[in-house]
Amino acid sequence: MNIEKKDLLQLYYYLKLTRRIEDRVTALYRQGRILGGAWTSNGMEAISVGYACALEKNDVIAPYFRDMGAFLARGITPKRIMAQYLGKKTGVTGGKEGNVHAGDINLGVLGFPSHLADNYPVAVGVALSFKIRGERRVAAACTGEGGTSRGDFHEALNMASVWKVPVVFICNNNQYAYSTPVRIQMAIKDVAERAVAYAIPSEIVDGNDVVAVYSAAKKAYDRARAGDGPTFIECKTMRMHGHSEHDAAKYVPRELLEEWKKKDPIINMERYLISNKVSTEEELVNIDGRIKKEIEEAEEFAEKSPLPEGKEALEGVYASPI
Amino acid sequence: MAEVTYLEAISQALDEEMTRDSNVFLLGEDIGYYGGAFRVTEGFYEKFGQWRVIDTPLSESGFTGAAVGAALMGMRPVVEMQFADFISCAFDQIVNVAAKNFYRWGGKTPIVIRAPFGDSVHGGAFHSQCPEGFFFNVPGLKMVAPSNPYDAKGLLKASIRDDDPVIYFEHKFLYRRIKGNIPDEDYVVPLGKAKVVREGADISVITYSAMVHVALEAAQVLEAEGISLEVVDLRTLLPLDKNGIYDSVKKTSKAIILYEATRTGGVGAEVAALLSEDMFDHLDGPLIRISAPDTPVPYSPPMEEFYMPRVEDVVKAARRLAAY
């Protein structure tokens, strides 16, 4: 697939932005300034950046909690994200939710429910509405390999295939669902085998190669837009941090982490951009400089933003209150 | 005005809303080509086509989730649970996705879930339940349960036009047994409003759905004894019309709460709690709950009959209360 320079640089920008924001989130979490949980996509950024950047503006995503790159690529700003982490009124959900439990319908980002794969049937419904209305839009949903053991995953794939709706299912197979390794999660070798039962074509890609994820997603979206129905994309990767930042993940063999460290998606992309003469090292350093500044500004904005008042908790239970 | 059955009223509401608004569509098991297990959507498939009356795989959670997704895109899906009993399969999508979308991140989710409930077809534990209690403490949800054709049509239309997720409990016993006159022109029954369906002076019976008819029958019996029952039909279960309940109890000072669901922790318990909190000074006697016992719905006719709240239960309770 021939990808233009500006698109390649955009992929790089979002990879790096995601890494830097989440690194900052991790630091703030360790300082006790972010309460609750902090889940990151460290080492897995290429998946959410890749699938989200391949979409068109009017498409819709149903992300999961390791999809910070998709939030950013859809246009949720670092300012709103940092404010969200700090529980501020200016956060994506105004303080109603924390961290990555957020959505913005105007940017085509559906809120993520913690019950993994719950967003899969929802994405099928989004795609169903496109089909009913004859719109050339697609829906993309993502979950982890653990989520693919749930019933909603299977119900969603079945419905999507029977109805032939324009949805693309992404799976971030990072080998661990919290502490549970894939070998006791499922008896099959590849998650993609699950799609076979639903007559859904699938592709397995290197989840640490953003160009590969982007290209596979783009192909699947084209297929969906042409009316040919759903595709399943398994992205193989490795979770480099614990389940959440509180988790030291001692259950993960160190050698495995060492091995995957060499496959870091950002280093991968830098190598790709430079060896293919898409950009110079200097250009990449400039992009990184811009990102650092953006994050500083975002954090300052978040710090200065007001917290909601306690009683605001009572607002917004109903869209049309009685 | 035309006389229709409760079932026809539901069917008319769906037909008229689908005609009025192209965003309204239906999905559920066997609702299309077959016309629905209870024939509520008979003829719809031919009239509206397969993409507005969608026959789904057997996937309550899946198609409820799909309805949520379509609703987020501005559609107004109406889901049919073949029997309300099967709604438990979709519990998570209703409780954690549909009901919390708006609060959590501003996602408007205007779905209606039609749930044929209640005992009527000797269906045993899985075709007779009143599962409203499962959903009763879920903020963000609305629940309605009409008792007659006028309300059935008006509440369904209001539910479809509402921007929040609504569970619409339609009672299977009432489908073809209860008839009533409804206007020819478009109307809605607003959500959140109870209705006094029989005025009375001595005791308020607070009830809903099929039990309204049990209360009305009991009122007839008691009238001969000089006990005057006021019957309050809740119509909307969530959120409850507190003022509607309180206005009646202020007048009568006594209350019976009558419901077909199992006893513990549901609508009846909440109404009793509200009355004891807010109406204590007005009450002249104990609050009495009449409900099904805390058992699964039994099959064999004597047990099933024992299980269901009866007219004589209301009559006995009213006599007891009248003594205060």
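**Two interfaces in a predicted model**

Between domain 1 of chain B and domain 2 of chain B, about 2100 Å² of area is buried, and carbon and sulfur atoms give 61% of it; buried area here is the accessible area (1.4 Å probe) that two parts lose on being put together, summed over both. This is a predicted model, in which local features need pLDDT of at least 70 and side-chain atom pairs count only at pLDDT 80 or more, while totals for chains, interfaces and linings use all residues. Residues are numbered from 1 along each chain as its sequence is written, chains are lettered from A in the order in which they are written, and side-chain values use heavy atoms, with hydrogens and water left out.

**The two domains of chain B**

- Chain B is divided into domain 1, covering 2-182, and domain 2, covering 195-322, with bounds that come from an automatic or database domain assignment.
- The contact between them, meaning heavy atoms within 4.5 Å, takes 27 residues from domain 1 of chain B and 23 residues from domain 2 of chain B.
- Across this interface the rule finds one salt bridge, a term for a side-chain nitrogen of Lys or Arg within 4 Å of a carboxyl oxygen of Asp or Glu.
- The side chains of B:R235 and B:D151 meet in a salt bridge, with a distance of 3.0 Å from N to O.

**Chain A against chain B**

- The area buried between chain A and chain B is about 3400 Å², and carbon and sulfur atoms give 66% of it.
- In chain A, the residues that lose the most area to chain B are A:W163, A:Y318 and A:I322, which together make up 19% of what that side buries.
- The contact between the chains draws 41 residues from chain A and 42 residues from chain B.
- Two salt bridges are found across the interface of chain A and chain B, and A:R150 forms a salt bridge with B:D92, where the closest N and O atoms are 3.7 Å apart.

**One residue, B:T56**

- B:T56 sits in the loop between β3 (53-55) and α3 (60-72) of chain B, where helices (H or I, at least four residues) and strands (E, at least two) are DSSP runs, numbered from the N terminus.
- B:T56 is buried, with a relative accessible area of 11%, since buried means under 20% relative accessible area, exposed over 50% and partly exposed in between (1.4 Å probe, protein chains only).
- Leaving aside neighbours within four places in sequence, B:T56 is in contact with A:W163, B:L27, B:G28, B:E29 and B:F63.
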